[in-house]
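Good morning, everyone, and thank you for letting me take a few minutes of the meeting.

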Amino acid sequence: MAVRLSPKVLLIDPVRMLPSLLLPLGGVLVAGGFSPRSFVFAAMGVAGSIVFAVIRWATFTYTIVGDRLELTRAFVSRSVRTIPLERIRGVDVSTPPLHRLLGLAVLKLDTGAGGDKQEGELNGVTVEEAERLRAVLLARRAIPAVVSSESSTNATDTTTGTTRAASDHGKEHYYIRVPRSWLRYGPLSGAYLLTPFALVAGAIGLLFQWGDEFGISGKDAWAVGEWLWDRPQYLIVAVAVLVLAMPFVGGVMYAIFNWDFTLKSRDGYLVAERGLINRRAVSLERRRIRGYELAESPPERAAKLVRVWAVVTGLGDSQTRGQLLPVAPKSAALTIAAEAIGPFDPSSATTPRSQVSTPDQTGQFHPSDQFGQLHPSEHEASSGQVPSGQVPSGQADSADQASPTGMPLRPHPPQARRRRLFRAIFPWLVVAAVAGVLGWGVVVVTALVLALLGIPLGLDRYRSLGHAYDGARFSVRSGSLRRTQAIVERRAIVGWTFKQTWFQRSSRLLTVIAGVGAGKGGYSALDTGERQGVEFAAEVTPEWLNQFIARP
């Protein structure tokens with residue numbers, strides 16, 4: 001039976017259309033000199049928008065027919081959008097402020113088609129109907145009883161999402177309800193710290209867009225700018241106020257978007273709920289999850305904090321919908337990620353000696369065994385029967401210290417450090433030299449200061465490099481101002497790409513990219529040693545690469 005949206009949505013639609021009507025209505029009033037006739041035309045425009053909203057509501061229906069969801073619209077011509085239930089990978093339910101006031105919700109369907117928009121949306125169902133539809137639609141996503149042998153093996157020893165999904169069916173388990181005390185970490189998140197400047201920029205943009213309607217011309221705005229330029233003390237005070245407001249405003253925005261953040265599993269899905277004004281619940285199908293990604297900025301690293309996203313196949317708007325945790329203590333975040341998705345412990349698998357022994361100045365690693373003898377079988381790696389005491393103690397300590405997560409990642413050769421120092425310092429030296437020739441003293445001093453700051457930045461970028469494999473998941477890490485580390489299941493890899501620029505070739509370095517049909521689509525181990533990078537790829541997928549590698 002076809003069902004319509006709640007009639008209460010008719011109270012929201014005119015308000016929702018108001019921003020798009022302001023400009024034409026304002027133009028009508030200004031063109032008419034705010035005469036009675038201009039107000040009549042403006043009122044007719046508002047009435048027309050209300051009639052359009054009523055017609056759109058009356059001609060839209062949805063229904064579940066067999067194994068598909070049908071969205072029907074019969075305004076001028078009849079159109080039917082059919083979404084097979086087997087394609088629905090997630091159902092998101094959100095309650096914006098006006099919707100919450102009227103007891104309504106917005107239900108969005110994720111079909112894994114890619115992109116930032118969902119394929120189906122029901123904007124204006126009751127909260128009860130949204131929960132009922134979510135339960136019905138997700139219940140139709142039957143979890144296969146038979147999984148591949150590799151998935152079964154991983155489930156036995158590494159608790160992958162595939163088999164965990166089956167065990168979670170029909171159950172609800174809470175991984176964390178983020179405590180209110182964690183809201184104090186909000187000001188450390190760079191995305192929210194810039195909110196005051198974003199608000200000012202938005203206000204200036206609106207002023208330029210609507211200035212003519214309020215009698216403010218571009219000439220007036222230019223005059224104000226010149227007045228401020230002649231009085232720099234006011235600009236300095238304004239910037240200082242904005243900078244001082246950054247932690248406070250950033251903390252408020254963080255609290256609004258991440259209030260009462262909850263992560264739980266239900267019916268084979270990971271469900272993340274958050275939000276104060278707009279409460280949003282995102283469902284991620286567990287069998288589509290291939291790993292997770294950690295991200296941290298310098299302030300977050302100093303406070304031992306981290307953010308976590310899921311690596312999911314076919315997920316649109318992954319930076320928002322894939323978030324598993326906001327800024328959280330690193331130890332807690334790693335524990336939750338390991339429990340919800342799967343642990344990562346490279347110390348449980350054999351590490352090839354050529355990967356962890358100290359590289360020489362040519363960037364080559366010298367294994368003591370034949371290459372083919374350095375890789376355990378899949379069974380040995382997953383069962384934990386391979387001895388793990390093959391890493392020299394000094395080198396293992398170095399790798400542990402370089403890892404922001406405490407996971408023992410393999411370091412990259414010294415040439416990678418030199419490349420990062422060169423790229424962080426040399427461009428500023430060039431700028432300083434050019435500025436010196438032109439006689440720009442201030443630019444010379446600024447460039448030299450930035451070149452000096454490039455030294456710790458380059459060293460930190462080098463320390464951030466690392467990669468590892470634990471028999472079921474591989475990990476790569478890079479970055480400094482935004483350091484990211486991806487932990488991805490081996491079964492997600494669809495191919496390898498080996499890249500080597502002229503500069504890398506002269507330094508005997510290599511970038512290895514694991515092609516993954518999820519998340520960003522590819523994860524890179526930057527500037528590994530030539531042999532080190534090839535051995536890493538062959539260790540993860542020996543059946544693909546061993547036959548092409550020349551053994552010593």
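This is a predicted model: local features need pLDDT of at least 70, side-chain atom pairs count only at pLDDT 80 or more; totals for chains, interfaces and linings use all residues.

Residues are numbered from 1 along each chain as its sequence is written, and side-chain values use heavy atoms, with hydrogens and water left out.

Back to D260, which is found in the loop between α10 and β8, the latter being residues 262-266; helices here are DSSP runs of H or I with at least four residues, strands are runs of E with at least two, and both are numbered from the N terminus. Most residues other than glycine have a negative phi. The phi of D260, however, is near 55°, a positive value in a residue other than glycine. K304 also has a positive phi without being glycine, in this case near 60°, and K304 is found in the loop between α11 (298-302) and β12. Is K304 buried or exposed? K304 counts as exposed, because its relative accessibility is 61%.

L183 lies in the loop between β7 and α7 (190-193), and L183 counts as buried because its relative accessible area is 19%. If we leave out residues up to four places away in sequence, L183 touches Y254, A255 and W259, where contact means heavy atoms within 4.5 Å.

Let me now step back to the whole protein chain, which has 21 helices and 19 strands. Of its 552 residues, 45% count as buried, and the chain exposes about 26900 Å², of which carbon and sulfur atoms supply 64%, the areas coming from the Shrake-Rupley method with a 1.4 Å probe. Among contacts between residues at least 6 apart in sequence, 61% join residues at least 24 apart.

Some buried residues form nonpolar cores, and a core is a set of buried Ala, Val, Leu, Ile, Met, Phe, Trp, Tyr and Cys residues joined through side-chain atoms within 4.5 Å. The largest core has 38 residues, of which L270, L284, Y292, V308 and L324 touch the most other members. Among the elements that give two or more residues to this core are α10 (232-258), β9 (269-274), β10 (279-285) and β12 (305-312). Apart from it lies another core, of 22 residues, among them V476, W496, A518 and A537.

Next, a pair of helices. Two packed helices are described by the angle between their axes and the distance between the axes. Helix α17 (residues 414-438) and helix α18 (residues 441-464) have axes that come within 8 Å and cross at roughly 175°; the axes are lines fitted to C-alpha atoms over the stretch in contact, and angles run from 0 to 180 degrees between N-to-C directions. α17 is therefore roughly antiparallel to α18, a label used for angles over 145 degrees. Their contact has 19 nonpolar, 3 polar and 3 charged residues.

G124 lies in strand β6 (residues 120-126), and G124 counts as buried because its relative accessible area is 0%. Which residues does G124 touch, not counting those up to four places away in sequence? They are L5, S6, V9, L104 and A105. The C-alpha atoms of G124 and L10 are separated by 8.9 Å, although the two residues are 114 apart along the chain.

S480, in turn, is found in the loop between β15 (473-478) and β16 (483-489), and S480 is buried, with a relative accessible area of 6%. Beyond the four places on either side in sequence, S480 touches P298, R301, L457, D460 and R461. That is where I will stop, and I am happy to go back to any of these residues on the screen.

Methods
Angles under 35 degrees count as roughly parallel, over 145 as roughly antiparallel, 65 to 115 as roughly perpendicular and the rest as oblique. Ala, Val, Leu, Ile, Met, Phe, Trp, Tyr, Cys and Pro count as nonpolar, Asp, Glu, Lys and Arg as charged, and the others, Gly among them, as polar. Buried means under 20% relative accessible area, exposed over 50%, partly exposed in between (1.4 Å probe, protein chains only).
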